[in-house]
Amino acid sequence: MQPLKIAVLGSGKGSNFRAILNAAMAGQLKIQPVLAISDHPEAGLLSLAENLGVATQVVSEPKFRTRLSEEVETGLVEDIRASGAELIVLAGWMRLVKSPMLEAFPRRIINIHPSLLPAFPGLEAWKQALAAGVEKTGCTVHFVDGGMDTGEIISQCEVSILPGDTAETLHARIQDAEHRLFPEVISRFARREIL
Ligand code: GRF
């Protein structure tokens with residue numbers, strides 16, 4: 001089976017992309033990253049990709065902070081198509097995805113979110129869980145639709161909230177769980193169990 005070609009979009013430090021690459025290097029999933037895209041020139045995933053010789057792209061969006069304008073997103077669709085990516089992985093991408101991408105890649109865009117959706121969509125979900133006083137939270141990998149963290153759930157991993165947990169300690173344990181869950185789900189795509 002050929003390695004699954006993936007495009008990765010992220011705005012932050014890139015720890016999930018690193019975990020995906022580490023799992024691939026450990027032989028746990030067969031992927032070929034073909035394009036890394038960010039809206040922040042300093043995003044961690046860009047340097048990870050550059051070190052591997054993977055094409056990178058920085059998206060500039062002067063008009064909006066929480067989504068891309070239709071023209072910019074349409075351009076991104078063309079670039080992703082040209083890359084040959086079969087799966088689009090949102091790993092800390094902080095903008096809503098709209099119709100140009102959703103229509104071009106139906107059931108081909110997945111996201112990781114730091115809560116047990118549908119609980120606590122949106123920003124800083126670990127802080128929302130702490131404030132709500134729940135006993136457990138976790139992370140979710142889901143298909144992306146036009147809403148905020150509302151797409152069909154593919155897989156989840158629970159994380160207990162411990163006495164004395166702070167936002168930092170809880171977030172760190174959720175990220176550890178993300179780094180296990182995301183490669184595991186992508187490996188199912190790579191084995192063509194889901195695609
Ligand atoms: C993750 O916690 C993910 O759940 C959220 O954004 C964060 C990205 O972290 N969507 P990183 O850039 O992969 O380290």
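1. Three elements each give at least two residues to the shell around the ligand: helix 1 (15–25), strand 5 (109–113) and helix 6 (167–190). Helix 6 makes the largest contribution, with 3 residues. Helices (H or I, at least four residues) and strands (E, at least two) are DSSP runs, numbered from the N terminus.

2. A word on the basis of these points, before the details. This is a predicted model, in which local features need pLDDT of at least 70 and side-chain atom pairs count only at pLDDT 80 or more, while totals for chains, interfaces and linings use all residues. Residue numbers start from 1 along each chain as its sequence is written, and side-chain values use heavy atoms, with hydrogens and water left out.

3. Here is the shell by name: Gly12, Lys13, Gly14, Ser15, Asn16, Gly92, Ile112, His113, Pro114, His171, Gln175 and Glu178 surround the ligand. A residue is near a molecule if one of its heavy atoms lies within 4 Å of it. By class, the shell has 2 nonpolar, 8 polar and 2 charged residues. Ala, Val, Leu, Ile, Met, Phe, Trp, Tyr, Cys and Pro count as nonpolar, Asp, Glu, Lys and Arg as charged, and the others, Gly among them, as polar.

4. A backbone N or O atom of Gly14 is 2.8 Å from a ligand oxygen, and one of Lys13 is 3.2 Å from a ligand oxygen. Gln175 uses its side chain, where an N or O atom lies 3.0 Å from an oxygen atom of the ligand. Of the 370 Å² of accessible area that the ligand has on its own, the protein covers 88% (Shrake-Rupley method, 1.4 Å probe; for residues, only the protein chains shown count as cover).

5. Ile112 belongs to strand 5 and is buried, at 7% relative accessible area. Buried means under 20%, exposed over 50%, and partly exposed in between (1.4 Å probe, protein chains only). Ile112 and Gly92 are 20 residues apart in sequence, with their C-alpha atoms 7.4 Å apart in space.

6. Helix 6 also holds His179, which is partly exposed with a relative accessible area of 23%. The C-alpha atoms of His179 and Ile20 are 7.4 Å apart, although 159 residues separate the two in sequence.

7. Some backbone geometry is worth a check by eye. The peptide bond joining Leu117 and Pro118 is cis, with omega about 15°; Pro118 sits in the loop between strand 5 and helix 5 (125–132). Asp149 has a positive phi near 65° without being a glycine. Its place is the loop between strand 6 (136–143) and strand 7 (153–160), and Asp149 counts as buried because its relative accessibility is 16%. Arg192, also not a glycine, has a positive phi of about 60°. Arg192 is in the segment after helix 6 and counts as partly exposed at 28%.

8. Lastly, Ser83 lies in helix 3 (residues 70–83) and is buried, at 19% relative accessible area. A polar atom of the Ser83 side chain is 3.2 Å from the backbone nitrogen of Ala85.

Methods:
Polar contact = N/O pair within 3.5 Å; in protein donor to acceptor, adjacent residues only side chain to side chain.
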